[in-house]
Amino acid sequence: MATVASLPVAVLVALALARGRFPGKTLLDGVVHLPLVLPPVVTGYLLLIGFGRRGPIGEALEACCGVVFSFRWTGAALAAAIMGFPLMVRAIRLSLEAVDRRLEDAAATLGAGRAGVLFAVTLPLALPGLLAGAVLAFAKALGEFGATITFVSNIPGETRTLPAAIYTLTQTPGGDAAAGKLVLIAIALSLAALIASELLARRLSSRIAG
Amino acid sequence: MLEVDIRRRAGDFSLDVAFAAPVGVTAVLGRSGSGKSTLVAAVAGLARPDLGRIALDQTALFDSAAGVNLPARKRRIGIVFQESRLFPHLSVRSNLLFGRRRRRDATSPDLDQVIETLGIGHLLSRRPRSLSGGEKQRVAIGRALLSGPRALLFDEPLAALDAERKAEILPFLEALIQEVALPVLYVTHALEEARRLARGLIVLESGRIVAAGAIEEAVAAAGLATAGDRLLDGVTVDAVVAELDERYGLTGLALGGHRVWAPGLIGAPGAPARLRFLARDVAVALDPPQRSSVRNVLPGVVRGVKRGDGPYASVSIDVGGAVLRAEITRRAAAELDLAPGRVVYALVKSVAVSRA
C-alpha cells in the first residue's frame with residue numbers, strides 16, 4: 001500500500017531532481033533524503049506533531065476529508081512510505097539519468113510532446129530502475145520500526161507491523177516460538193520480493209538493451 | 001524550400017551560414033568540427049541559434065527578430081541520425097509508427113509502400129537490437145518518412161557503416177530521395193555520397209560556407225580535389241538512356257546534344273542515369289581523331305585550365321549539357337596551347353564511362 005501510493009510521487013520528485021533546474025533543488029534534495037539520515041524516532045515524532053489529531057496537517061485532513069492518520073493503520077502506511085521514499089527516489093533518479101537523451105530528442109522530432117516523450121520513451125526505458133526503487137521501498141516499509149512505533153504506537157490489529165510484533169513477542173515470556181515464526185515469514189517475504197524484482201529487472205533490461 | 005540564415009556561437013566556435021535548399025537533395029559537406037552537427041541541431045530545433053531565421057515553405061521555424069522558435073516536435077522535419085536512434089523498447093513496427101501516430105493530420109506516405117521500398121517487411125516484429133547497422137538505418141529512414149515531414153534531414157546516415165553496408169543502403173536512399181518531393185538536407189563528410197545523391201552542394205569549413213551551388217561547380221570552387229585523390233576525381237552528370245545496342249551490350253545515352261556510349265545495358269530508353277567521368281579518363285584533342293578506338297568524342301569549349309605545382313593540369317571542357325574535367329599533364333596543356341575559349345574535343349573511352 002505504502003509502496004504503490006508513493007511510487008507516482010517518487011517518480012515526480014525523481015524527475016524534478018534528475019532533469020529539473022529550479023531554485024530550491026538542493027533543498028528538495030535534502031528534505032527528500034532527510035528520513036534516510038535522521039533517527040527514525042525523530043521522523044516518527046515529526047509525523048506525530050504534523051499529522052497527529054492536533055497537528056496542523058492532521059487536523060486539516062480530518063476536517064476536510066475525514067482522513068485520520070494517528071494511531072491507525074493509515075498512519076503506519078504513511079510512516080512506511082516516508083521512510084522508504086528516499087530509497088525509491090534515489091533508484092528512480094539514477095535510472096532516469098541513465099536514459100539516453102538523444103532518444104528523447106529523436107522522439108521530439110517525430111512529433112512527441114513532453115508528456116509523450118515521458119510516457120513513450122523515458123519511463124519505459126527507466127522501468128528497471130522504477131522497479132528496483134519500489135522493491136527497496138517495500139523492503140524498507142516491511143522493516144520500518146522506529147518511526148512507526150513513535151507515530152502510531154503498536155496497537156494489535158491496527159498499527160502492529162511485523163517488526164513491532166516480533167519485538168513485542170520477544171518481550172513476552174514464552175513468545176520465542178511465535179517470534180521465530182514471524183522472523184521466518186519476514187525472511188521469506190524479503191527474499192521473495194528481492195528475487196521477483198531481480199527476475200523482472202533482468203527481463204526488462206534484456207528487452208531494452210539496445 | 002528550406003531557408004536558413006543563422007548565427008550561433010558556442011565557446012570559440014561560431015557558425016554563420018545562409019543558404020536555401022529547394023525540393024531535391026542538397027548535400028552539406030564538411031569535416032568534423034566544420035559545424036555540421038550544430039547546423040543540424042539548429043534546423044531540427046534541438047539547439048537554438050543566437051540570431052537569424054529558419055523558414056520552411058515560407059513558415060518561420062525560428063526567427064530571432066520576431067521571437068519565433070518552434071519546438072522540434074512542431075517543425076515537421078524528419079531526421080535520420082547517424083546512430084539511428086531507434087527506440088530499443090519498441091518493435092520495428094512501433095518504431096515506424098511512432099511519428100505517424102502522433103501526426104494523424106499529416107499526409108505521410110503509405111506504410112506498406114515505405115516498408116516495401118526499404119525492404120524491411122521481414123523485420124517488423126523484431127527489436128532494434130537484433131538488427132544489423134544497415135537494417136537499423138533503413139528503419140530509421142522509414143520512421144522519419146512516416147512522420148509526415150515537410151523536409152528531411154540526414155545527419156551522416158552512413159558514417160557509422162562499413163563499406164559493404166553503405167553499398168547495401170545507398171540504392172534504397174537513392175530510390176526514396178527520388179520519390180519524395182521535399183527539400184532534403186544530406187549532411188556528410190563523404191564527397192562520394194554527396195555526388196551520388198545530391199544535386200546541390202554546400203561546403204562547410206570552420207562554420208562558414210566556402211562554396212555552394214550545383215554539385216560539380218561547388219566541388220570545383222571549393223578546390224576539393226586534393227593532390228592525393230585528384231586522379232580519382234571526376235564529374236557526375238545526368239544523362240538519359242536513348243538506345244540499347246544489345247548485340248554488343250552497350251547503352252547509348254543522350255547527354256546534351258551528344259550520344260555517349262557506356263558498357264552494359266543500363267536501363268530502358270527514357271530512363272535517367274547518372275554517369276561518372278573520372279578526370280584521368282578524359283583526354284583532349286584539337287581535331288576529332290580518325291580511326292580510333294575511342295567511341296565518345298564530344299566537341300566542346302575549354303572553360304578553364306588550372307595548373308598546379310606538380311606535373312598536372314586540370315582542364316574544364318563545356319560539352320553542352322555538362323562540364324567535363326580532364327586531368328592531363330602540364331606539358332600537354334602547353335603543347336596544345338589550351339586556354340579558355342578554345343574549341344576542343346573531349347575523348348572518353350566507353351569502358352571508362354560508369355554509372356555514378
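**Briefing: the interface between chain A and chain B**

Three residue pairs, both members at pLDDT 80 or more, are in polar contact between chain A and chain B. The structure is a predicted model. On the side of chain A that touches chain B, the elements giving two or more residues are α6 (101–109), α7 (114–143) and α10 (176–208) of chain A. Of these, α6(A) supplies the largest share, namely seven residues.

**Extent of the interface**
- The contact involves 21 residues of chain A and 21 residues of chain B.
- Together, chain A and chain B bury about 1,900 Å² between them.
- Carbon and sulfur atoms account for 66% of that buried area.

**Composition of the chain A side**
- The residues of chain A that touch chain B comprise 12 nonpolar, six polar and three charged.

**Charged pairing across the interface**
- One salt bridge is counted between chain A and chain B.
- R102(A) and E83(B) form a salt bridge, in which the closest N and O atoms are 3.6 Å apart.

**A residue within chain B: T26(B)**
- T26(B) lies in strand β3 of chain B, which covers residues 24–29.
- Is T26(B) buried or exposed? T26(B) counts as buried because its relative accessibility is 7%, and the category of buried applies under 20%.
- Leaving aside residues up to four places away in sequence, T26(B) touches A21(B), V184(B), L185(B), Y186(B), A198(B), G200(B), L201(B) and I202(B).

Methods. Residues are numbered from 1 along each chain as its sequence is written. Chains are lettered from A and ligands numbered from 1 in the order in which they are written. This is a predicted model: local features need pLDDT of at least 70, side-chain atom pairs count only at pLDDT 80 or more; totals for chains, interfaces and linings use all residues. Side-chain values use heavy atoms; hydrogens and water are left out. Contact means heavy atoms within 4.5 Å. Buried area is the accessible area (1.4 Å probe) that two parts lose on being put together, summed over both. A salt bridge is a side-chain nitrogen of Lys or Arg within 4 Å of a carboxyl oxygen of Asp or Glu. A polar contact is a pair of N or O atoms within 3.5 Å; within protein, one must be able to donate a hydrogen and the other to accept it, and residues adjacent in sequence count only if both atoms are side-chain atoms. Helices (H or I, at least four residues) and strands (E, at least two) are DSSP runs, numbered from the N terminus. Ala, Val, Leu, Ile, Met, Phe, Trp, Tyr, Cys and Pro count as nonpolar, Asp, Glu, Lys and Arg as charged, and the others, Gly among them, as polar. Buried means under 20% relative accessible area, exposed over 50%, partly exposed in between (1.4 Å probe, protein chains only).
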